[in-house]
Amino acid sequence: FQDVSDLTAAQRRAEEFGARLVETLENIGDGFFMLDRDWRFTYFNNQAEIILDRPRYALIGKNIFDEFPGFSESEFETQYTHAVKAGETVRFEHCYAPLERRFSVSAHPTPNGLAVYFRDITEEQRRDEQLRLLDAAVGQINDIVIITEAGGVDDVGYPRIVYVNNAFERITGYSREEAIGQTPCILEGPKTDRSFLDQIRQAFDTQTPLRPELINYTKSGAEYWMELDIVPLVNGAGAVTHFVAVQRDITERRNAEEALRLSETRFRVIAQAAGNAVWEWDIANGRLWWRDGMVDLFGPR
């Protein structure tokens with residue numbers, strides 16, 4: 001007789017561990033398969049079946065390059081071969097043309113072959129490309145674009161900046177690094193209209209669009225007029241997550257309006273001082289103005 005209690009217990013523990021390992025591999029989010037040294041499948045998890053649209057029962061014992069012709073003479077074959085021969089882990093991204101999908105792959109050599117983890121990054125790559133194009137497009141427009149968080153306001157009620165475009169740096173003189181994490185109040189100064197600031201803070205609180213005009217200041221202290229559009233961004237659940245503020249530099253327009261106002265004021269003052277009958281007819285807008293001398297000569301209008 002021989003006491004095999006310890007051996008039996010060790011075997012049972014090994015079987016339990018193996019079962020837990022298989023259960024883990026079946027439930028991970030990555031696709032996973034194992035290959036022997038002849039490139040034959042020895043294991044294929046549930047996620048791999050879903051991603052590659054192939055059942056495991058049809059692949060176990062089969063050669064990967066026979067079953068997936070697109071792998072041959074591709075980056076997959078190059079990287080897998082290197083991992084096995086060099087005995088080192090390889091990580092890479094590559095497109096599998098037959099499925100028109102791009103995968104992120106991590107292949108680890110084992111004593112019996114290769115263990116491969118992979119995930120489909122096709123949609124992730126498309127989103128990244130869309131974001132890259134969007135950032136490039138926003139970066140080229142002449143208007144300032146500022147994106148702030150919807151929450152996390154500072155002591156005076158402003159949300160923090162998470163994005164600025166190239167025009168922001170060019171017009172304000174602040175770099176991205178200086179602006180990110182700050183609030184839009186870094187652009188305020190002595191002539192910034194406080195009533196408009198209250199409206200802006202209220203727009204943040206009520207999460208409603210707003211379009212004021214006010215004076216802001218560059219980093220060097222120079223004044224500039226801007227027209228501001230503030231729009232909330234809503235996620236799929238209907239919650240406001242961020243605000244987008246588009247600032248148009250209207251300094252030239254406001255200067256021209258102010259120059260016209262001063263010119264009209266001076267004209268009226270001079271006309272009054274001249275003591276003559278002077279009148280002005282704005283044909284385009286249908287407005288008629290005359291000084292008091294016209295009343296003296298012709299009577300009331």
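D53 is found in the loop between α2 (46-52) and α3, in a predicted model. At 64% relative accessibility D53 counts as exposed, where exposed means over 50% relative accessible area, buried under 20% and partly exposed in between (1.4 Å probe, protein chains only). The phi of D53 is near 55°, a positive value in a residue other than glycine.

Residues are numbered from 1 along each chain as its sequence is written. Local features need pLDDT of at least 70 and side-chain atom pairs count only at pLDDT 80 or more, while totals for chains, interfaces and linings use all residues; side-chain values use heavy atoms, with hydrogens and water left out.

**Chain overview**

- The secondary structure of the protein chain comes to 10 helices and 12 strands; helices (H or I, at least four residues) and strands (E, at least two) are DSSP runs, numbered from the N terminus.
- Of the 301 residues in the protein chain, 33% are buried.
- Among contacts in the protein chain with a separation of 6 or more, 38% are between residues 24 or more positions apart; contact means heavy atoms within 4.5 Å.

**Positive phi**

- Most residues other than glycine have a negative phi.
- E100 is found in the loop between β3 (90-96) and β4 (101-110), and at 61% relative accessibility E100 counts as exposed.

**Aromatic pairs**

- The structure holds 18 aromatic pairs, a pair being rings of Phe, Tyr and Trp (its six-membered ring) with centres within 6.5 Å; planes under 30 degrees apart count as stacked, over 60 as edge-to-face and the rest as tilted.
- The ring centres of F41 and F44 are 5.3 Å apart and their planes lie at 90°, so this pair is edge-to-face.
- F41 is buried at 1% relative accessibility, and F44 is buried with a relative accessible area of 1%.
- F41 also pairs with F68, edge-to-face, at 6.2 Å centre to centre and 70° between the planes.
- F41 lies in strand β2 (residues 41-44) and F68 in the loop between α3 (64-67) and α4 (75-86), so the pair ties together parts that are 27 residues apart in sequence.
- F68 is buried, as is F41.
- Ring pairs link F33, F41, F44, F68, F71, F76, Y80, F92, Y96, F103 and F118 into a cluster.
- The charged end of R54 sits over the ring of F68, 5.0 Å from its centre; the criterion is NZ of Lys or CZ of Arg within 6 Å of the ring centre and within 35 degrees of the ring normal.

- On a 1 Å grid over the protein atoms alone, a cavity is a set of points where a 1.4 Å probe fits but cannot get out, and a pocket is an open set with protein on both sides within 12 Å along at least five of seven lines; lining residues have an atom within 4 Å of a point.
- Grid points are joined across faces, edges and corners, and a volume is the space filled by probe spheres set on the points.
- There are 2 cavities of 30 Å³ or more.
- The second largest cavity has a volume of about 40 Å³ and is lined by F33, L52, F71, F76, Y80, F103, V105 and F118.
- α4 and β4 are the elements that give two or more residues to the lining of the second largest cavity.
- The largest pocket has a volume of about 180 Å³, and its lining consists of L131, L134, D135, V138, V145, I147, Y163, L233 and V244.
- At least two residues of the lining of the largest pocket come from each of α5 (122-140) and β6 (144-149), with α5 supplying the largest share, 4 residues.

- T218 is found in the loop between β8 (213-217) and β9 (223-234), and T218 is buried, with a relative accessible area of 13%.
- Leaving aside neighbours within four places in sequence, T218 is in contact with I171, T172, Y174 and Y224.
- The C-alpha atoms of T218 and R170 are separated by 9.8 Å, although the two residues are 48 residues apart along the chain.
- The side chains of T218 and S220 are joined by a polar contact of 3.0 Å; a polar contact is a pair of N or O atoms within 3.5 Å, where within protein one must be able to donate a hydrogen and the other to accept it, and residues adjacent in sequence count only if both atoms are side-chain atoms.
- D229 is found in strand β9 and counts as buried at 16% relative accessibility.
- A polar contact of 2.5 Å joins the side chains of D229 and R248.
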